[in-house]
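Trainee: Could we go through this model together, one point at a time?

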Amino acid sequence: MSEGVLYAGAGHAGRHADYLEEPKGLWSWLTTVDHKRIGLMYMWSVLFFFLVGGIFALLIRLELLTPKQTIMDAETYNRVFTLHGAIMTFLVIIPAIPAALGNFALPLLLGAKDVAFPRLNLTSLYVYWIGAAMAVATLALGGVDTGWTFYTPYSTTTGGGVTLMVLAAFVLGFSSIFTGVNFIATIHKLRAPGMGWFEMPLFCWGMYATALIQILATPVLGITLLLIVMERVLGVGIFDPQLGGDPVLFQHFFWFYSHPAVYIMILPAMAVISEVIPTFSKKTIFGYKAIAFSSVAIALLGFLVWAHHMFVAGISLFAGAIFSFLTFFIAIPSAIKVFNWIATMWRGSISLEAPMLFAISFLLIFTIGGLTGLFLAALSTDVHLHDTYFVVSHFHYVMAGSNLIAFLAGIHYWWPKMYGRMYNTKLAAISSAIIFIGFNMTFLPQFVLGSRGMPRRYFNYLPQFQDLHVASTVGSWVLAAGLFLTAAYLLASFRQPKGAPANPWGGRTLEWETASPPTAHNFEGQPVLQHGPYDYRPEPAPVGVKELAH
Amino acid sequence: MSTAIPSAHAHAEGGHAPFLQHHFREMSQQFDAAKIGMWLFLVTEVLLFGGLFVGYGIMHARHPEAFMAAHHHLDKTMGAVNTVVLLVSSFTMVLSVWAAQTSRKKLLVLFLLLTLACAGTFMVVKYFEYSHKFHEGLLPGKYYSHKGDTVPGQFLFFSFYFMMTGLHGIHVLLGMAAIAWLVWRALKGHFSSAYYAPVEVTGLYWHLVDLIWIYLFPLMYLIS
């Protein structure tokens, strides 16, 4: 199986232009089937909507600066937090790592030329854009005030653009499904020769587990959202108690998708961290199989815990106890991962580059988010904490903080590979610290607020809560400052020459064995795996302890 | 496919099959990927319909009398005819795949056209069923206007009847579009024992559309 046989002509003489240069022109980008270009277009789209959703977040925090009306009325406030939630969930967090970083990195990590279905990949991007346009168009219809969860019966009776927003989420679901189908087929069929399942980088296992959820859960959300549309347009009766239906049934259907969807948000984050930590610890990942299998375990267990969102929605105590137990159970694979990452860092040769700083932030923030989840999994405490700021803070730690910071870690990690340019590493280190401080300043006070009884989604509050709300709002400004700083030095890197080396971090996975940025075909010929993804042993020497000692 | 990397096909053609995409090493790899992709898509279809089946089951359990009374408005003969028509179409689809695998171009076109004819028959029968229901006011949700009901709540049954058979009908139409595309490609001589993945995966899809109807027919027409 020489290269010439595998790809006749793929490695012919002369250097290829990189994938950013050739072919040129906007049209070539809009019609590209190159996974790297599609990944970049996804990334910039996601970042744009992150800015939009972030501005809504800042407006929410500004409104909550005082106990009474500050900058907007209550109706507007409902619309702003709904748009914030819907944009951040469906347009930012879900596609962020799989569709943007996954599309860019997965084929490179596998040593493949592209994903299995390149045209389907481009289709998914267009479907995403159509869904995004529909979501934004709801503003013209007076916005949506249901919250991103679209709970019935409110969502089937309130006015505004609910139908369009629900259809937008339905359309975005297809984009997610297409990505999932593509990734599973790619991982099954396009691994480099010599790469068995357990020689894959762990990023690929994370993407595989994510894709499983995307495929198994998204269609159920799709049909649930269509049922809301049908209820609004035809009055079909399934969720309307006056017509013989059941609004709690909606919650079951909705969370059957949307709880696994939480793992669509966290598994890719874990996937990025599993790459960054060994690279900057210069040490073989600890417990490869434990991390790989815990990803799949999280994906499967994630389907059995949906009703923990409904402990106070009138489900039986017995059902509550079962779902509570299963929810505790899912903490185990998450903890396995955290311990394995820490064990990887233990006695490693750690270099605190920007991606690693973000990864360490992730470890702390994910641990807080995960442990506070246990409070909510316990029936007796959840009855008190349900629908308070404790829940808001918990899911921002796991969905927003963990996912966003891992996304940033991934962007910083693969930026030189994407563009062939380095960013200002000092500023990156500073901004990672500002983001970490800003995030905790924003959300730590909310745990306290929630435990003292501050309900979520309220526009006004009792004066005794004001101090903590002010701290949280100031925190949101610090967080925003850190993110704007990141945007500034990343954009400034385009003024640097294309001088990034092929392997700036000394990684051992396949993407570092091709040029930065790669050619359109990724590799010169077909790469054949020579060593494991985390093989940091010095050449032929056996695993020793002495050389690691200081 | 060739928009981004126009050279890839040219390279692949030298010594390779003309339909091998640039990022696959060999036809068998591309064929396997296509099959995995279609099976995964079918899983999403099962779950999409699964939501409606669960909703139907719950509403049926809560309002058994209404569902029982409402289903008598359906025409069992038409439903049975459509079941037979779809089963025959699945058989002709299997023969299409066989014809493609064995490079029998004329038979392939013939069997695909027969499949298309069966699908068309199904839609025509469905059209007559639907117009009859519209005429009698047997409509979903708030548009239900049938007179003389003794059992209340029959609109719930018709909500599910139209949502489920409607979604299934959309799938039949999409399948017909895919089969028509296969006929066009078959006429151009694209398919042979070396390359028949589109026929095979469209066949998989078509069997699922058939299978969903096999479940819909007793659920809607044969409640007892």
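Trainee: In what order do the elements of chain B run from the N terminus?
Mentor: This is a predicted model in which local features need pLDDT of at least 70 and side-chain atom pairs count only at pLDDT 80 or more, while totals for chains, interfaces and linings use all residues. Residues are numbered from 1 along each chain as its sequence is written, and chains are lettered from A and ligands numbered from 1 in the order in which they are written. Helices (H or I, at least four residues) and strands (E, at least two) are DSSP runs, numbered from the N terminus. Chain B has seven helices and zero strands, and the order of its elements is α-α-α-α-α-α-α.

Trainee: Which element gives the largest share of the side of chain B that touches chain A?
Mentor: Residues are in contact if their C-beta atoms, placed from the backbone, lie within 7 Å. The contact involves 38 residues from chain B and 38 residues from chain A. On the chain B side, α2 (27-62) and α6 (154-187) each supply at least two residues. The largest share, 18 residues, is from α2(B).

Trainee: Where is A:Pro153?
Mentor: A cis peptide bond, with omega about 0 degrees, joins A:Thr152 to A:Pro153. Most peptide bonds are trans. A:Pro153 lies in the chain A loop between α5 (118-137) and α6 (154-157).

Trainee: Is A:Asp387 buried or partly exposed?
Mentor: In A:Asp387, a residue other than glycine, phi is positive, near 60 degrees. The residue A:Asp387 sits in the loop between α13 (379-385) and α14 (389-419) of chain A. Because A:Asp387 has 14 C-beta neighbours inside 10 Å, it counts as partly exposed.

Definitions and conventions
Two residues are in contact if their C-beta atoms, placed from the backbone, lie within 7 Å. A residue is buried if 20 or more other C-beta atoms lie within 10 Å of its own, exposed if 12 or fewer, and partly exposed in between; C-beta atoms are placed from the backbone.
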